[in-house]
Amino acid sequence: MAREFQRGHKAKVSDLTSGTDLYVGVQIAGPGLTFDISCFGLDADEQLSDDRYFIFFNQPKSPEESIQLLGAQAGDTESFRVTLDRIPANIHKLSFTATLDGAGQMSQVGPGYIRIVAGGEEVVKYAFTGSEFTTERAVMLGDFYLKDVWRFAAVGQGFDGGLDALLKNFGGEVAEEAPVAPSHDAPPAFAPPSQASAPPAFGAPAAPQAPQAPQPAPAFGAPSAPAPAPQQPPVHAAPTIAAPMAPQAPAPYGQPPQQPQFGQIPGQGAPPAAPPYGQQPPAAPPYGQQPPVPFGQQPPGLPHGVPQGVPAAGAGLQAALQPYKEAATGQRWTSQNQQLMRVDLTMGGMPVLARQGSMVMYQGKVDFGYKGAGFAGRMVGNATGQEMQLMRCTGRGQVFLAEEGAHLHPIELQGDGICVSAENVLAFDESLQYEVRRIEGHGIPGGALFTMQFQGTGTVVVKTHGVPVVLPVTPTTFADCNAVVAWSSASQVIVSSQVRLRRNAYPGHSGETVNLQFRGAPGNFVVVQPYEV
């Protein structure tokens, strides 16, 4: 039977259960409120000395996996797996917290709880309500702490400053940029609570904004203006050639040159003689291939001294490399080809944020790096949940970017906005305003889809697998969450499930059980690639 704790109650974990592989569930909700639920692994001084033990939706597990974020399940808004006997010796406390993401205060929350489950059975629960708080924006719910042995305490302590106050209280720093933690792995199955029920609605949308005129869809993936073609001489100024000319073999000394036979092009040899009686003529080469040439001889029709394999445009190394020369258009962002993008940092004088490892070449004096920006920066800055770590490119020079041969599409924003799946963002101007959003839904890999919303003036480079398609948003527009690339920021996104109640009565299903439905006024759009991530 579960023990009911009040605020301030403490007990040895061994008095609650003999197990050390525990499930921690948190249930918290409120009208129009969105919450981030995290776990801080603290040292003996109750400081966050190792940021790898800050467990939240963008860093779902500790290095040795003794603390793991599992997502919403069994009626809990968020859940964790804690293996006490695997926690390293430098970690002395695990503090479970809930912070508001957006407007609101903790006095608005409804009845909630934090509970511990061992072997599928609930062993302890601490219940709370919004009446216990006032204007706080963050609350410490419960702690595992090491005092000779592991113990559990119901805390219920609030902070007016929200996440910032929590970070400062635990010795963390708050900044704007940070590398992002690994992506959300699939949670292990380890005796979840038996009383499974549908999870509460999480992440209610923010208050609707004032209606605005829909922005036209940007020219997605439109290449930069091509360089002007070189001037060609007038066609009629070139000499007229009636037939391909080839040098004639010189006649023997003292003999006049032989005239070509009727129907023979000057410069070509006489037609081959018929094979002797009873022998087969030599086999013709496969279609499109040249007949074999004896070693040391030139192919017919090729000028003397020109090596084989030279393109028809001309001989030499320069002619072979001409089609692949750098394209310089005088613009900040220039597509070199479908898979390679060049950004000129000297134009505009602003840094560029790009995926770490996406630089393939650079020219000039360019610095690459990122600052450890604390944990708030991870959640509201560069956090993507898709193993996306950003590098900051500064200096004077040109940087060439690519990633795994993906198609690259520069999108220039002029005060409008676009939402891009975090997995599909390659680089963008630092002048753009951006924030990370997450769309939750059962069936989405990792439990959520992370998107980055860009707004302002600047360019964002989107990468796709193959050539994408841009569709207008209608009331019946659905997209696979694994294939969607981007959509207009004014569109509303809803998770749609195709799972039926009697699905177990059939031998299988289509595999397309979770889709994203897009809604919006005319002029909104969605971009989909011919590939599922």
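In what order do the six strands of the open sheet run? A few notes on that and on some side chains follow.

1. This is a predicted model, where local features need pLDDT of at least 70, side-chain atom pairs count only at pLDDT 80 or more, and totals for chains, interfaces and linings use all residues. Residues are numbered from 1 along each chain as its sequence is written, and side-chain values use heavy atoms, with hydrogens and water left out.

2. The order is β2-β12-β11-β8-β4-β5, with antiparallel pairing. Because β2 (10-12) and β5 (54-55) sit at the edges with a single partner strand each, one side of each has no neighbour in the sheet. Strands here are DSSP E runs of at least two residues, numbered from the N terminus, and two of them pair if DSSP finds at least two bridges between them.

3. The whole structure holds 16 aromatic pairs (Phe, Tyr or six-membered Trp ring centres within 6.5 Å; planes under 30 degrees apart are stacked, over 60 edge-to-face, the rest tilted). F56 and F57 make an edge-to-face one, at 5.5 Å centre to centre and 70 degrees between the planes. F56 is buried at 0% relative accessibility and F57 is buried at 8% (buried is under 20% relative accessible area, exposed over 50%, partly exposed in between; 1.4 Å probe, protein chains only). Ring pairs also link F40, F54, F56, F57, F170 and F450 into a cluster.

How values were computed
Helix = DSSP H or I, 4+ residues; strand = E, 2+ residues; numbered from the N terminus.
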